[in-house]
Amino acid sequence: MVIFLGEKYYICEECRFKYKDKELAQKCEKWCKKHKSCNLNITKYAIS
Ligand SMILES: [Zn+2]
């Protein structure tokens with residue numbers, strides 16, 4: 001999912017973390033779906 005809040009963000013549809021980087025958002029979503037939890041190495045790049 002892509003949203004705009006002044007800037008463009010990509011959201012992991014599983015955990016709802018926001019990323020500026022599409023790759024990261026997709027990585028996060030894959031991880032979340034597979035593991036049903038978040039990967040700190042990915043979510044540390046999320047924007048609050
Ligand atoms: Zn996620």
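Colleague: How do you know that the span of H1 agrees with its 14 residues?

Modeller: In this predicted model, the 14 residues of H1 should span 20 Å at 1.5 Å a residue, and because the end C-alpha atoms of H1 are 20 Å apart, the two values agree.

Colleague: Which residues of H1 are buried, and what makes you say that they line one face of the helix?

Modeller: The buried residues of H1 are Ala25, Cys28, Glu29 and Cys32. Seen down the axis of H1, these buried residues fall within an arc of 100 degrees, and therefore they line one face of the helix. On the other side of H1, Glu23, Lys34 and His35 are exposed.

Colleague: What covers the buried residues of H1?

Modeller: The cover includes S2, S3 and H2.

Colleague: Which residues make up the largest nonpolar core?

Modeller: This core has 8 residues in all, namely Tyr10, Cys12, Phe17, Tyr19, Ala25, Cys28, Cys32 and Ile42. The largest share of the core, 3 residues, comes from H1. As a general background, nonpolar side chains in soluble globular proteins tend to be buried together.

Colleague: Which residues does Cys12 touch, not counting residues up to four places away in sequence?

Modeller: With that exclusion, Cys12 touches Phe17, Ala25, Cys28, Glu29 and Cys32.

Colleague: Why is Arg16 called exposed?

Modeller: Arg16 has 11 other C-beta atoms within 10 Å, and a residue is exposed if that count is 12 or fewer, so Arg16 is exposed. Arg16 is placed in the loop between strand S2 (7-11) and strand S3 (18-19), and its phi is near 70 degrees, a positive value in a residue other than glycine.

Colleague: Why does Lys36 count as exposed?

Modeller: Lys36 has 9 C-beta neighbours inside 10 Å, and since the cut-off for an exposed residue is 12 or fewer, Lys36 counts as exposed. Lys36, which follows H1, lies in the loop between helix H1 (22-35) and helix H2 (40-43). The phi of Lys36 is near 55 degrees, again a positive value in a residue other than glycine.

Colleague: Why is Asp21 called partly exposed?

Modeller: Asp21 has 13 other C-beta atoms within 10 Å; a residue is exposed at 12 or fewer and buried at 20 or more, so Asp21, falling in between, is partly exposed. Asp21 is placed in the loop between S3 and H1, and its C-alpha atom is separated by 15 Å from that of Gly6, the two residues being 15 residues apart along the chain.

Conventions
Residues are numbered from 1 along each chain as its sequence is written. This is a predicted model: local features need pLDDT of at least 70, side-chain atom pairs count only at pLDDT 80 or more; totals for chains, interfaces and linings use all residues. Helices (H or I, at least four residues) and strands (E, at least two) are DSSP runs, numbered from the N terminus. A nonpolar core is a set of buried Ala, Val, Leu, Ile, Met, Phe, Trp, Tyr and Cys residues joined through C-beta atoms within 7 Å. Two residues are in contact if their C-beta atoms, placed from the backbone, lie within 7 Å. The expected span of a helix is 1.5 Å times one less than its number of residues. The arc is that of the directions from the helix axis to the C-beta atoms.
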